Amino acid sequence: MKVSKYIAMVGIAAVTAAGFSSCTDLDETVYDQITGENFYNKKDDVIHAVFRPFEHIYWSHWQIMEHEELPGDQIITCYRHDWWQDGNKWVLYHRHQMDDINQNSPDRGEWTSEWSYIYQGISQANFAISELNRLDPDKFNFSAQEWDALRGQLYAIRAYCYQRLFNAYRNIVIQTEYKSAEDLSVEEQTQVEPAAAFEWIERELYNCLELLPVKQGNGGNGIMQGQFTKGAAAALLVRHYLNAEAWIGVPMWDKCSAMCDRIMSGEFGHYEIDSDWYGPYDWDNETSPEVIFAFPGSFATTSWVYNNARATIYGRSLPYGCQNYLGIQKDGSRNPRYCISPSYDNSNPRSPLQYKLGCVSQKFEKYSTLSPDARWKQYRNTSNNTREGMMFLEGYIPDPNTASGHAASPNGYDVYLRDQIGMFTSGAPTGTITSPSQAESRLENGDFNSGLFVMKYPWYPYDGGAFKESDYVVLRYAEIVYSKAECLLRDGDSRKAGELLNSVRKRNYLAKGLVASVAYKGSDSGLVDLDLDEMLDEWGREFLFEARRRTDLIRFGRFQDAWWDKPADADKHYEIFPLSSSQMAQNPYLVQNPGYPTVR
């Protein structure tokens with residue numbers, strides 16, 4: 001089965017008119033406006049119904065990003081004067097103060113809402129599965145292979161949702177049929193033991209391996225972008241086994257390593273590391289051989305992670321006033337939310353912070369005297385919709401439309417980005433704190449100069465044909481290589497692990513040429529020692545701001561550690577999130593996660 005990402009997205013947009021409120025209305029009956037015998041008139045109607053839950057989960061990824069990055073050590077949401085205060089909830093995320101189980105406004109997120117949003121996607125998938133079960137594929141001219149592939153898509157997106165829920169909450173309810181609440185049995189409303197949930201997800205993914213198509217060709221996914229393939233299901237199994245010890249207390253490094261081998265051997269289609277670090281994120285990333293699964297995006301259809309709105313990720317990871325520099329002024333001004341945690345204190349002259357975690361710029365600049373990292377460079381759009389650099393680094397932001405030639409903050413001072421968090425205002429160029437009462441380096445004292453910004457995905461000019469055209473990548477081949485390397489390292493083979501990591505890292509140094517002085521020790525005579533601390537740092541560099549840091553920290557046993565503006569946790573109960581009182585009231589059989597208050 002081949003469905004063009006543009007055809008698929010147009011179809012999704014068509015049913016959105018009837019089903020869009022499913023993104024916000026927790027009590028809605030899925031498809032309540034479009035069910036009936038007369039809805040499925042042609043083949044495309046069935047395809048559109050199958051891909052509806054994909055759009056919802058794509059939209060929901062801002063919540064996944066919050067859960068994975070904001071409790072971690074690398075990405076923060078600090079105050080910017082009175083912007084992003086929001087009842088202090090982003091501060092509570094960072095400091096692991098998540099005991100208030102009523103932070104659960106459905107359109108705002110917080111630490112209990114992934115439960116609601118992801119179960120909506122599961123409900124939509126269950127509904128579509130029930131529809132396929134009652135439809136006759138011959139009526140719509142589907143072959144048996146195409147029909148299996150459609151079913152496989154739904155099973156895969158559902159398994160992906162359950163893996164996300166399991167990661168976030170651990171004690172989850174497994175529902176596989178589309179039913180009204182009054183028709184659910186007690187068993188269907190009761191949380192299952194974590195080991196049982198783990199095994200169910202594992203079986204479901206193996207079922208997907210049987211049903212899904214193999215990726216075609218030696219390039220990118222092409223018109224299969226946005227569909228699950230055998231490679232994508234296998235990659236989710238890699239995640240499953242990689243985190244098994246953290247999730248259920250049973251190490252499965254051998255299983256993880258074996259599944260990595262199957263993917264790397266080409267059993268599920270051809271994947272390889274892109275020659276350019278930015279290839280997997282670029283406007284034409286359906287051509288990147290590194291992408292395993294991505295949600296299709298387009299300015300003409302949907303581009304949730306780019307939008308300048310609440311349900312976004314990269315649309316609010318830009319510094320204030322950068323729109324003229326980037327050529328995206330027609331998309332409005334910026335509302336900077338996500339930036340990286342600082343590496344320096346607020347003394348003048350400043351000193352490097354001494355935390356082993358966080359301090360993102362220190363991690364990237366670790367080898368800069370030997371070989372500068374091509375990613376750790378000021379972002380700049382070049383000709384023909386190409387770019388260089390991955391960061392907004394320290395300094396002014398150019399703006400030809402102002403008298404000073406620099407972007408101005410809404411408070412009147414020119415923005416001068418600093419790798420610090422403090423109330424600098426007009427004193428930022430000299431590192432001078434202008435408000436002594438807000439001199440402490442903490443989230444509550446930020447201004448529009450505070451923090452550096454990650455430009456993982458390009459922001460090409462509004463006029464030019466590539467604006468908001470990047471597909472949002474969920475799985476890429478580099479994750480498989482890094483997972484294999486971690487398995488080898490944990491098994492004591494740092495040499496082979498280093499060789500695998502070097503095969504990816506070489507594109508980041510000296511214009512794609514990795515030299516021995518920055519390579520891990522291996523057959524290429526690298527000079528850098530690789531241990532678990534360095535492995536975690538390397539996960540953080542390669543996958544910075546890709547919605548996985550919390551999971552990696554937990555797997556390495558580091559989630560409870562202290563980092564900038566966060567003391568060490570007293571215990572481990574913050575490794576999973578709580579359920580809200582409203583969720584528990586809706587389902588009387590739910591039991592609160594350990595360590596959190598039980599209130600109904």
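The chat below goes through a predicted model, from the whole chain down to single residues.

Biologist: Before we start, what should I keep in mind about this predicted model?

Modeller: In this predicted model, local features need pLDDT of at least 70 and side-chain atom pairs count only at pLDDT 80 or more, while totals for chains, interfaces and linings use all residues. Residues are numbered from 1 along each chain as its sequence is written, and side-chain values use heavy atoms, with hydrogens and water left out.

Biologist: Fine, how many helices and strands does the chain have?

Modeller: The chain has 17 helices and ten strands, where helices (H or I, at least four residues) and strands (E, at least two) are DSSP runs numbered from the N terminus. Its radius of gyration is 24 Å, close to the 25 Å that the globule rule gives for 600 residues, so the chain is as compact as a globular protein of that length; the radius is taken over C-alpha atoms, and the rule is 2.2 Å times the number of residues to the power 0.38.

Biologist: And what share of the residues is buried?

Modeller: Of the 600 residues, 63% count as buried, meaning under 20% relative accessible area, with exposed being over 50% and partly exposed in between (1.4 Å probe, protein chains only). As for contacts (heavy atoms within 4.5 Å), residues 24 or more positions apart account for 69% of those with a separation of 6 or more.

Biologist: Let's zoom in: why do you call helix H15 largely enclosed?

Modeller: Helix H15, residues 532-542, has nine of its eleven residues buried, so it is largely enclosed by the rest of the structure. Among the buried ones are Met535, Trp539 and Arg541, and the buried residues of H15 pack against helix H8 (230-242), helix H12 (360-364), strand E10 (472-476), H13, helix H14 (494-505) and helix H16 (549-555).

Biologist: What caps its N-terminal end?

Modeller: Asp531 caps the N-terminal end of H15, with a side-chain oxygen 3.2 Å from the backbone nitrogen of Asp533; a polar contact is a pair of N or O atoms within 3.5 Å, and within protein one must be able to donate a hydrogen and the other to accept it, while residues adjacent in sequence count only if both atoms are side-chain atoms.

Biologist: Changing topic, where is Met390, and is it buried or exposed?

Modeller: Met390 is found in the loop between strand E5 (386-388) and strand E6 (391-392), and it counts as buried at 0% relative accessibility. The C-alpha atoms of Met390 and Val454 are separated by 6.0 Å, although the two are 64 residues apart along the chain. Not counting residues up to four places away in sequence, Met390 touches several residues, including Trp277, Phe364, Val454 and Leu544.
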